[in-house]
Amino acid sequence: MPLEKELTSSLLWLRIGVVLAVALPLALFGAGAWMAHRDAERIAATRLDDLARVMEEHAARALETNAMVFRELQRVLADDADARIRAREGALHELLAAICERLPHIRSINIWSADGRVLVSSLIHPVPPSLGAADWQEYRTVPTPRAWSVSPLLVDPTSGEHYFRVAEARNAGGFIELALQPSHFTDFYSRLAKPEDRVSFRLITGDGYVLARWPGAPRAGLRAVDETYSSFRGVGRYAVFVSASQPPHVVFGPWRQQTLVLAAIALPSAAALLYASLLALRRTRRLQEEARSRSRAEERLRHSQKMDALGELTGGVAHDFNNLIGVISNNAQLLRHAMGRETAELSAILRAVDSGSRLTRQLLTFARRQPLNPQLIHLGRALPAMEQMLKTTIGSGIELGVHVAPDAPPVCVDPAELEMALINLAANARDAMGRSGALEILARATEPGEGPAPGGRYALISVSDSGQGIAPENLARVFDPFFTTKPPGSGTGLGLSQVYGFCQQAGGGVQLESDPGIGTTVSLFLPAAAAMAEAVDRPVPTDAARAA
């Protein structure tokens, strides 16, 4: 009986083995096909998201250029009435034509009055006094904008060319209008992917109208259609979106090939396992199968225990790091309370704790846009106050000089962002110089014609080091996110990107000059707070301007 029971048990396990010999390969084939299908979707989503991010950056640069043109024209026009603008038509026409020539993606620029008449145009000089929207055939189906807006795609009835309008309200009523070339975007999209990838690129308004697309010719009135595999991204603060999409048969082409390969492997494997299991009915192999099952179970258990241990270690390290920051902050506060005053060294400790906390929050919330808190900052007081903190950043072997000229104007920026920008530049300079060198920070007012916008008033903060410099072939990419010339593990590539974004959000700009073997100078142009205050304090003379 024991032998019969043993044989019965062996036969039972072997019959199960026969079933498993067929079912297991089929299950593995189905699981492999499903995982390959999921991987194909993930790869397509990642690629389309990367392409959409590149499209977003390209469109943002173009629209930010338009915003700079608007700001310059608003400054030139100021609060001039329509009669004053017509009196300056010749000079303004030359200015608009020069802008269009310098920026080829802008087809034309027009300045409109509040009652719908063209005052100045880059295409026509002189402009007939009665010329208005009713005389422009392509404008009759487009509402006259009363504030910043983007029109659908339009067609010039004379030349047949397609374009779309971007408009912004003027301070004294009316609006400024830029006509943009869709080809500026389609030419860029045509270089993003190979034709065999069958990727479709679109620039879309908030209402769903297609402004530019590739592949395909431009067509007025075309609306975007939702596609199964696509990535949409909004372009900054503008009511414009970009999308990159692929048809399903292209997305799953590699998956079909992998499935065929997997089937070619799985089906013969199933047949071989079935044959081996039938042989096992005559050659008892139950113990070997049990050993294999036990080995697999033990391996899974070890893997599970290892992952649990890693999770516990990570949580403990994070908890201890937060405790250390809390201990430093609490002891600094207690020291300040005991001393009854705050010394420069204690202030440096508190600023360092705050900077570390802000940096930690930035890294944890990297994908989100943090709101700014602009404040009036006098550089003559703010930069010397940061000197001790910057010395801590660069180390004792590097000489630090902070100089603020008497004519340096105040600026209205987020103090935390300014401090973070200077810390990033100081850290980059420290890494470029090693253990010794000189770091000079100079703040002054810009000279006439100096700065990102001609005629603008800026405070210039230049940070110069005596490091190894940057190779010429890398200068064009230094402000790109995640680009770094440092060895792997030594930098994130986000420092100069933060500086660039800070200056752009502040309404200024940044320039970088570098000589290999001599050093690097980074110049931050920040709008003077006095000029900003004058613009804010100007009265708005018309109801139309208030509505805008």
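Gly-509 stands opposite Phe-525 in strand S17. The strand that pairs with S17 here is S16 (residues 509-515), joined to S17 by 7 bridges in the antiparallel sense. Two strands count as paired if DSSP finds at least two bridges between them. Helices (H or I, at least four residues) and strands (E, at least two) are DSSP runs, numbered from the N terminus. S16 and S17 form a hairpin with 3 residues between them. In that turn, Gly-517 has a positive phi of about 85 degrees.

This is a predicted model, in which local features need pLDDT of at least 70 and side-chain atom pairs count only at pLDDT 80 or more, while totals for chains, interfaces and linings use all residues. Residues are numbered from 1 along each chain as its sequence is written, and side-chain values use heavy atoms, with hydrogens and water left out.

S17 also pairs with strand S15 (residues 458-465), antiparallel, over 8 bridges. Ser-464 stands opposite Thr-521 in S17. Strand S17 (residues 519-527) is mostly covered, with 8 of its 9 residues buried. Buried means under 20% relative accessible area, exposed over 50%, and partly exposed in between (1.4 Å probe, protein chains only).

Next come two helices. The axes of H10 (residues 415-433) and H11 (residues 495-505) come within 9 Å and cross at roughly 145 degrees. Axes are lines fitted to C-alpha atoms, for helices over the stretch in contact, and angles run from 0 to 180 degrees between N-to-C directions. The H10 and H11 crossing is left-handed: the near helix is turned anticlockwise from the far one by less than a right angle, whereas clockwise would be right-handed. On the H10 side, the contact includes Leu-418, Ala-421 and Leu-425. On the H11 side, Leu-496, Val-499 and Phe-502 are among the residues taking part. Contact means heavy atoms within 4.5 Å.

Helix H9 (residues 379-394) bends by about 40 degrees at Glu-387. The bend is the angle between axes fitted to the seven residues ending there and the seven starting there. The buried residues of H9 include Leu-379, Leu-383, Met-386 and Leu-390. An α-helix has 3.6 residues a turn, so residues three or four places apart point the same way. After H9 comes Gly-395, with a positive phi near 95 degrees.

Now turn to an open sheet. Its 4 strands have the order S8-S7-S10-S9, with antiparallel pairing. Strands S8 (210-214) and S9 (229-234) stand at the edges with a single partner strand each, so one side of each lacks a neighbour in the sheet. Neighbouring strands of this sheet are turned by 15 degrees against each other on average, direction ignored. S7 (residues 200-205) is joined to S8 by 4 bridges. Arg-202 stands opposite Arg-213 in S8.

Where does Ser-113 lie? Its place is in the loop between strand S1 (106-112) and strand S2 (118-121). Ser-113 is buried, at 1% relative accessible area. Leaving aside neighbours within four places in sequence, Ser-113 is in contact with Asp-82, Leu-119, Arg-170 and Gly-174.

Finally, the whole protein. The secondary structure comes to 13 helices and 17 strands. Of the 548 residues, 38% are buried. The average pLDDT, the predictor's confidence in each residue from 0 to 100, is 75, and 73% of the residues score at least 70. Over residues 140-146 the pLDDT stays under 50, and the model has 14 contacts for them beyond four places in sequence.
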